[in-house]
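Open the model in your viewer and keep the selection tool at hand. This tour goes stop by stop.

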Amino acid sequence: MRSETTAAERQQAPDAQGADGSPESLRRVAVASFIGTAIEFYDFYIYGTAAALVLNEAFFPTLDPVNATLASFSTYAVAFAARPIGSVVFGHFGDRVGRKSVLVASLLLMGLSTALVGLLPGYDTLGIWAPLLLILLRFLQGIGLGGEWGGAALLAVEHAPKKKRGLYAAFPQLGPSVGFFAATGVFWLLSAVLSDDAFRGWGWRVPFLLSFLLVGVGLFVRLRISETPVFAKVMEAQEASKVPTLDVLRHHPRELLLGAGGMVVAYGLFYTATTYCLAYATGTLDVPRNTMLGLSLVACLFLAAGTWLAATRSDGDGRRKLVLAGAGLSVVWGFVLFPLLDTEQPVLIALALGGALFCMGVVYGPMGAYLPELFGTNVRYSGASLAYNLGGVLGGAVSPLVATRLQAAFGSSSVGWYVSAMAVVSLVCVLALPETRERELT
């Protein structure tokens, strides 16, 4: 047995212990991965809520209501187009330099670009420059978030014991639930205490400005964690990929495309049930804004429950089985989502949204471990991030746009059929993927 240790081994000793189950180390990793994703997704979701409620008037006042809403959702979609670019950029450095430093950079980019939206003057002040600058900031948001999820998921998965990877991956997967709850809660509170003119004039900016504070909290937490032990071994053996994205495309195209397809329904359900349904219910059904925001808060609890249940169960039942179950439930729920919503009854609206987000959570929860397990350590950041965010382009970017057009042309039931079709796509893709629960992270 060797008595000496390398500098890299001494530096990584605390994390190696954590990977074997040290409660203190694993707790710190879980908190860091959870808080980071919660803050990042808070930043992302406040834009979606604002896009549904007010950005059409603030930045596109010269358009008719339908086209102004489409323009607002188009700026929303820009970030999804940017997210794969963020996956490539941050994934490259995450697979070559390390997970921790990249996560700090993604948090800064995402948080600062979000906060600047709150300071951006509207169309009345800047004219055409206002929507152009909005698009730029939204694009930077997407770049930042494109690097966030993969790093946070790997932070949890690569530290966790083999039999508990689903459990520890559940923490970053809960970030979107908490981030969306916080984003919706802030808008709900402002909508409750401010007049409509005050809310539309300046109140909607407050959630964006809060991002300055949240970035500081996220940095404090993330700067206290160390590199993952799995990646440290790759660096010590000098096995890091020179161009990770190219290696993913060459050696893992099947896992990349099928993994992206598996994510389509999660994104599609979420952004249909939140951003689009919020705009549809308040604009077409005339449901009061504050009522819909309150019902969205209730629906967040269903998302968190589905995410935690499926993620933790995936250690025993397998990732693939639970994702397939969630996709199958989503096929069915697409048919009942809008009939329940169109009743305009708060209890049934809550059921419609809560059911959709629960189905989404059942798919989304196991993906925190499933996507990383599909790729080797030297390309895991790039592969998992790119699959995750390509699914976002297909399922999240276009969903509010397609839903708005479908509803205007064919009625609300056609949007439900669209949701079910996305679920079928994900079902077929996951059926073609293997189970990964027993894989070693090499």
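Predicted model: local features only at pLDDT ≥ 70, side-chain atom pairs only at ≥ 80, totals over all residues.

Residues are numbered from 1 along each chain as its sequence is written, and side-chain values use heavy atoms, without hydrogens or water.

**Stop 1: the surface.** Select Leu 126, Ile 128, Trp 129, Leu 132, Leu 133, Ile 135 and Leu 136. Together they form a nonpolar patch with about 630 Å² of accessible area. Helix 7 (residues 129–157) gives the most to this patch, 5 residues. Ile 128 sits in the loop between helix 6 (123–126) and helix 7. Ile 128 counts as exposed, at 52% relative accessibility (exposed is over 50%, buried under 20%, partly exposed in between; 1.4 Å probe, protein chains only).

**Stop 2: aromatic pairs.** The structure holds 14 of them (ring centres within 6.5 Å; planes under 30 degrees apart are stacked, over 60 edge-to-face, the rest tilted; Trp counts by its six-membered ring). Select Tyr 168 and Phe 171. Their pair is tilted, 6.3 Å centre to centre with 40° between the planes. Both lie in helix 8 (residues 165–193), 3 residues apart. Tyr 168 is buried at 15% relative accessible area; Phe 171 is partly exposed at 24%.

Now select Tyr 267 and Tyr 388. Their ring centres are 5.5 Å apart and their planes at 65°, so the pair is edge-to-face. Tyr 267 is in helix 14 (residues 253–283) and Tyr 388 in helix 18 (residues 380–397), 121 residues apart. Both are buried.

**Stop 3: a charge over a ring.** Select Arg 289 and Phe 199. Arg 289 lies over the face of Phe 199, 4.1 Å from the ring centre (the cut-offs: NZ of Lys or CZ of Arg within 6 Å of the centre and within 35 degrees of the ring normal).

Technical notes: Patch = residues over 30% accessible without salt bridge, like charges linked within 9 Å, V, L, I, M, F, W, Y side chains within 5 Å. Areas by Shrake-Rupley, 256 points an atom, 1.4 Å probe, with all protein chains shown as cover. Salt bridge = Lys/Arg side-chain N within 4 Å of Asp/Glu carboxyl O. Helix = DSSP H or I, 4+ residues; strand = E, 2+ residues; numbered from the N terminus.
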